[in-house]
Every structure is written in structure tokens, then in C-alpha cells.
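Please keep the structure in view while reading.

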Amino acid sequence: MTAYLVRRLLYAVPILLGVNLITFVLFFVVNTPDDMARIHLGVKRVTPEAIQQWKHERGYDRPLLYNPEAEGLGRFTETVFFQKSLGLFLLRFGRSDAGRDIGEDLRQRMGPSLAIAVPVFLVGLATNIAIALFIVLFRASYLDAWAQVAAVILMSISPLYYVIAGQYLIGRLMRLVPISGFGDGLDAWRFLILPVAVGVVSGIGSGVRWYRTLFLEEIHREYVRTARAKGLAEPRVLFGHVLRNALIPILTGAVVILPMLFLGSLILESFFGIPGLGSYTIDAIAAQDFAIVRVMVFIGSVLYILGLIATDVAYTLADPRVRLR
């Protein structure tokens, strides 16, 4: 397994380099360093000297990808892409284009993001699996049919509607929790209940349908017929055998959500005023802050790759027949 993990980590290097290159090209296709300087200086008429000074202070006064005036490897290293990318692979995130310490911002905003993303992930996963197993228990019945209709309706509703409806009904009419904002320490739970509930409810439709399909594929397999032939009750067959044998596809689906645990939910953080990494990324895109955007894209890619590796390892724990080579 050690050789497998080392090989997967080495494979991650060119992937991260490619993601970083695509992010770099897409960003600078839209904006030039001069445009970024004008946006951040915040005035309509900016002198060429002020633009050049801003670019020099942030390292944008070099050629973007290729430096024809340099010699040897300097043609590639004396560029904005290399200088900005090297720090990422060394986990040196530097400062934003507005001058803030990105590492310090990440440390401050990581807590609020995890406080909302982890409960949404765990509660949502448990809720969707429990409802799907309950529906499968009553498969081919009216309950199953109406549950599928309800799931399609829930899927068809925009996430924004859940946010607005939750804020209006629970926050404004019932006045049970604050509509938006975030508190310090234990007071933060009052601000997290509503966004967590909205996040869980908005994902029930698609989650239940996916897990229902997954479990229906399992209940026709040979080991399920064997369990029934032994006289086991249907709930025990579903929760004790079907659920355990469906762990691999469940793990595969869960890994897609792992980067969101760090980046947070963009919509929830933005509409509920939570100062997490999701709103941090949206604010950076709106301000055309390339230093923050590239860091967030890089971190998201790293987490996704680590999630895939962790899933492969989890496969061996869920199914002893799986071997990593």
C-alpha cells in the first residue's frame, strides 16, 4: 500500500500543475495585470507610474508565461506563473493583491466553514440513507411512489428558494433564530441551525433518489436472497447486509463533497452572512484578487486528490477483497 500511496502522490504533482496553469490562463485571459492594478487602486484615472508601482510590489511586472529577455531556464522561471506557482507547492500562500495575509485569513475563516459544512455533510448523509432505506423497505407500494414524487419536487426547487423560505418562516415569522450573521464561541450555534437545516433539506431530494437506486440494485443480489432464506427480517437484511455492501459506492459519492468541507457552501455562506472560506472565495472573484483565487483553487484540488486517495484506502476497509497495488 505504501508504494501505491507514493505513486498516487507523485501523480498528483502534474495534475496540480495543470490545474494551476488552467486557472492562471483563464484568469489572465479576462484580466491583464494593468486591469487588476486599476481595479485595486480604485480610481478611474490612474497614472502609468502608479500602475507600474502596484505591479512591481506584487510581482506582476514580469512576463506572464515566457520571458524572452532571460537566459536558459530563466525564460520560464522569471515569469509571473512560475513565481506565483512555486509558493503554492511549498504551501507559502503569500499575500492577497489587497495586501492581506492569505494564510491568516484561511485560519480565521476555516472554523466557520467547517462549522456549517461538517454538520450539513454528516446529518445530510445519515438522513438521506435512512430515508432511502425506509423507502426501499416499502418498495413497489404507494409510499414508494409518493416518496419518488416528493423527491423529484424537492430536486426541482432552487436552493435559493430554501434559503429565502427558511429565512422568512423560521427567522422572520417565528423568530426562532437569527436570519443571518455569525457569533463567537458557543453563541455561534444560534446562527448555524438555520443554514444547516436549509443545507440538509435542499439535498434530500437528489440524495434519497441516488441512495434508493443504489440499494435497489443491491437487494436483487445473491447474498440478499441467501439472507432472506435464512429467515432474517427485511429490516435486518437492509440495514445489516445491503447497507454494508453498498459502502463502496457511498464512499465514492461522499468523496466529491470533501472539498466542500473546507471551502464551505458558497450559497449558504453568502446568503446567511457567514464569514467562511466560501464567501471569502466569492469576494475574491468579485474583487479580481488573483492571489486568493489561485490559492483557493489549489487547495480545492489538493483536497479532492487527497479525498480520492482516502477513498481508495477506505475501499480496503469496507471490502477485504479490494487490494491496492
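Which helix gives the largest share of the nonpolar patch? Helix 1 (residues 2–30) does, with 4 residues. The model is a predicted one. The patch is made up of Leu21, Val25, Val29, Val30, Leu64, Leu65, Tyr66 and Phe76. Together these residues have about 720 Å² of accessible area. Val30 sits in helix 1. Its relative accessible area is 62%, so Val30 is exposed, the cut-off being over 50%.

**Aromatic pairs**

The structure contains 14 aromatic pairs. One of them joins Tyr66 and Phe76: the ring centres are 5.5 Å apart and the planes stand at 65°, so the pair is edge-to-face. This pair links distant parts of the chain, 10 residues apart. Tyr66 lies in the loop between helix 3 (48–58) and helix 4 (74–77), while Phe76 lies in helix 4. Tyr66 is partly exposed, at 41% relative accessible area.

Tyr161 and Tyr162 also form an edge-to-face pair, with 6.4 Å centre to centre and 75° between the planes.

**Salt bridges**

Across the whole structure, 12 salt bridges are found. The table lists some of them.

| Arg | Glu | N to O distance |
|---|---|---|
| Arg58 | Glu57 | 3.3 Å |
| Arg62 | Glu78 | 3.9 Å |
| Arg228 | Glu234 | 3.0 Å |

Start with Arg62 and Glu78, a salt bridge with its closest N and O atoms 3.9 Å apart. Arg62 lies in the loop between helix 3 and helix 4, and Glu78 in the loop between helix 4 and helix 5 (80–89), so the pair ties together parts 16 residues apart in sequence. Arg62 is partly exposed at 32% relative accessible area. Glu78 is partly exposed too, at 36%.

In the bridge between Arg58 and Glu57, Arg58 is partly exposed at 21%, but Glu57 is exposed at 52%.

Arg228 and Glu234 meet at 3.0 Å. Arg228 is partly exposed at 30%, and Glu234 is partly exposed at 21%. Salt bridges with shared partners join Arg139, Arg228 and Glu234 into one network.

**Helix 9**

Helix 9 (residues 189–202) has 14 residues. From first C-alpha to last it reaches 20 Å, close to the 20 Å expected. Its buried residues are Phe191, Leu192, Leu194, Pro195, Val196, Val198, Gly199 and Val200. What do the buried residues of helix 9 pack against? They pack against helix 6 (102–137), helix 8 (159–173), helix 10 (204–218) and helix 15 (266–271).

Conventions
Residues numbered from 1 in each chain as written. Predicted model: local features only at pLDDT ≥ 70, side-chain atom pairs only at ≥ 80, totals over all residues. Heavy atoms only, no water. Helix = DSSP H or I, 4+ residues; strand = E, 2+ residues; numbered from the N terminus. Expected span 1.5 Å × (residues − 1). Buried < 20%, exposed > 50% of the residue type's maximum accessible area, 1.4 Å probe, protein only. Contact = heavy atoms within 4.5 Å. Patch = residues over 30% accessible without salt bridge, like charges linked within 9 Å, V, L, I, M, F, W, Y side chains within 5 Å. Areas by Shrake-Rupley, 256 points an atom, 1.4 Å probe, with all protein chains shown as cover. Salt bridge = Lys/Arg side-chain N within 4 Å of Asp/Glu carboxyl O. Phe/Tyr/Trp six-rings, centres within 6.5 Å; stacked < 30°, edge-to-face > 60°.
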